[in-house]
Amino acid sequence: MSALDSRALTYLDCYGQRFSTPGQVRYAITGPLAARLRVDDQPYLLQVADQQAAEPQQHDIEVRYENGAFTAVPPELAISAGDVVLWHAAQAATPPYAVWGEGEDGSFSSTSLQAEAVYSHAFGSAGDVEWTDMNQSGVGGLIRVHDLDATDRDACERWGRVLCEGAVVVVERDRVDLPELEIVTGQTVFFAVTQSSGMTVTDATLAIPVR
Amino acid sequence: MADIVAAIDETAANVIVPSTIGSLPSVSRSGSGSLGPFGLSWSATASLTGGTVDLIPPPADVIRIAGCRLNYTLGVTLSLDLSFLNFCLPRVCVRLPFIGRICTPRICVTFPTISVPVSHSSFVNFTADMRLATALTGAVWKVDAIVVGVPVLVLGPAATALVAAIGAAVTLALLAVPFIGPLLALASAIIFGAFTVANVLGLLGPILTPFVSGLRIPLYTQPQMFEVLPASAPDPAVLVRLDSVAAALDGSSGEDELVLTIEISP
């Protein structure tokens, strides 16, 4: 339920997308399979206004799961061109989901990260996590997650400080700026995709070999 | 004077009683309980073997069986509510090349209730006193030896072994829980605090004692109508009626014996 996989977001993940072109963006929040097949309405709306702030603003949208369906809160949002929208689920019980839609910039999807997209994941278990792009672009890397024994007060404080420090991996086409990264359990890694033909960030152990 | 008197001495009793005990079928029981703050369900299967019989006539008037062995398999499923570990990851902010500053929301990690199955097989030796009980039930005479009182089961070694088995299973289960890594030492200290030998003894005693307490060992079973000669045409079968059956321990002859006295009528 909490594996590293941008195709199936959980409460430990966030998906962010920058919208640079003014106009309407319609999107859906569905299960990962429906997102891949794009078989659903796009009931949610972003109004992207033609006014850019000096610094792009971040807008958060909470993903909820109610009565067997995903909903966005708020369902409609007005933003400025260049702003970033970040989708996240607050409840641990939220099933895996994906965000996908279309705007003036073209289509976007958490299952296929293209331009100016970000996927973040909080790592819950120690160990080496090799990540790969399931869309076969060849990009990938290794995250080494270490446990930290937070038994005493000092260790707890140290862990608390480390948890506030996110790590960033930037992917541009077939180049990964940090192919290997060391973090501690609970730390968040941001995978920022500046340009791609549509990639995923997926734990390599989830990859099914194709003969 | 009784019509029939049958007696076995201690040597014979040491053959008959242990062999009868060994032929008793396995018994299963299940239930639920707790270990400190943690709930559990259990199922146990037990069988008995061995023992050395001592026939002790009145005034004690008991059949004492020493070194009897209760073999058991205990399956325990512990339910560990780990919600006491719940915590929230703080808001994390980074600066990205194309966006600028971006922050995740605070993420609250909810720890689950995990089920930990533990299987444990062992045995415990005990000594029990039994009294004879005779009854005519459904036209069948039965003489049983029934365990009286609550035999003391020495469960210390079994409890220690079970604590170790629980410890191993719980440690393995905890390692699979996301986000527990940094909290593992803290979680283990709290959880294992509940799994003391004393607590496990308090669990094992009530589970295992009923397998022994009140145990009924059948020593003699005979239909009230006893066939002396089978039917052989033209004569019908010859039957006698067992009017009364009595069983007692007797040491008056200088040797301790289990004596069966039977009154019959045609």
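## A five-stranded sheet in chain A

In chain A, five strands make up an open sheet in the order β6-β3-β2-β8-β9, and the pairing within this sheet is mixed. The two edge positions are taken by β6 (76–80) and β9 of chain A, each of which has a single partner strand, so one side of each is left without a neighbour in the sheet. On average, and with direction ignored, neighbouring strands of this sheet are turned by 20° against each other. The model described here is a predicted one.

## How the strands pair

Strands of a sheet pair through backbone hydrogen bonds, and the pairing may be either parallel or antiparallel.

Strand β2 (residues 23–30) of chain A and strand β8 (residues 98–103) of chain A, by contrast, run antiparallel and are joined by five bridges; here A:Ile29 stands opposite A:Val99 in β8(A).

## The largest nonpolar core

The largest nonpolar core holds 120 residues, and the members that touch the most others are A:Val118, A:Phe191, B:Ile63, B:Leu70, B:Met130, B:Leu204 and B:Leu208. Strand β5 (residues 62–81) of chain B gives the largest share of this core, ten residues. Because domain 1 (1–111) and domain 2 (114–205) of chain A both contribute residues, the core lies between them.

What does B:Met130 touch, if residues up to four places away in sequence are not counted? Its contacts are B:Val62, B:Ile63, B:Ile65, B:Ala145, B:Ile146, B:Val147, B:Val148 and B:Ile217.

## Where the chains meet

Between the two chains, 23 residues of chain B are in contact with 38 residues of chain A. On the chain B side, the elements that give two or more residues to the part touching chain A are β7 (93–96), β8 (100–103) and α3 (184–194) of chain B. Sorted by class, this side of chain B has 19 nonpolar residues and four polar ones, with no charged residues.

Conventions. Residues are numbered from 1 along each chain as its sequence is written. Chains are lettered from A and ligands numbered from 1 in the order in which they are written. This is a predicted model: local features need pLDDT of at least 70, side-chain atom pairs count only at pLDDT 80 or more; totals for chains, interfaces and linings use all residues. A nonpolar core is a set of buried Ala, Val, Leu, Ile, Met, Phe, Trp, Tyr and Cys residues joined through C-beta atoms within 7 Å. A residue is buried if 20 or more other C-beta atoms lie within 10 Å of its own, exposed if 12 or fewer, and partly exposed in between; C-beta atoms are placed from the backbone. Helices (H or I, at least four residues) and strands (E, at least two) are DSSP runs, numbered from the N terminus. Domain bounds come from an automatic or database domain assignment. Two residues are in contact if their C-beta atoms, placed from the backbone, lie within 7 Å. Ala, Val, Leu, Ile, Met, Phe, Trp, Tyr, Cys and Pro count as nonpolar, Asp, Glu, Lys and Arg as charged, and the others, Gly among them, as polar. Two strands pair if DSSP finds at least two bridges between them. Axes are lines fitted to C-alpha atoms, for helices over the stretch in contact, and angles run from 0 to 180 degrees between N-to-C directions.
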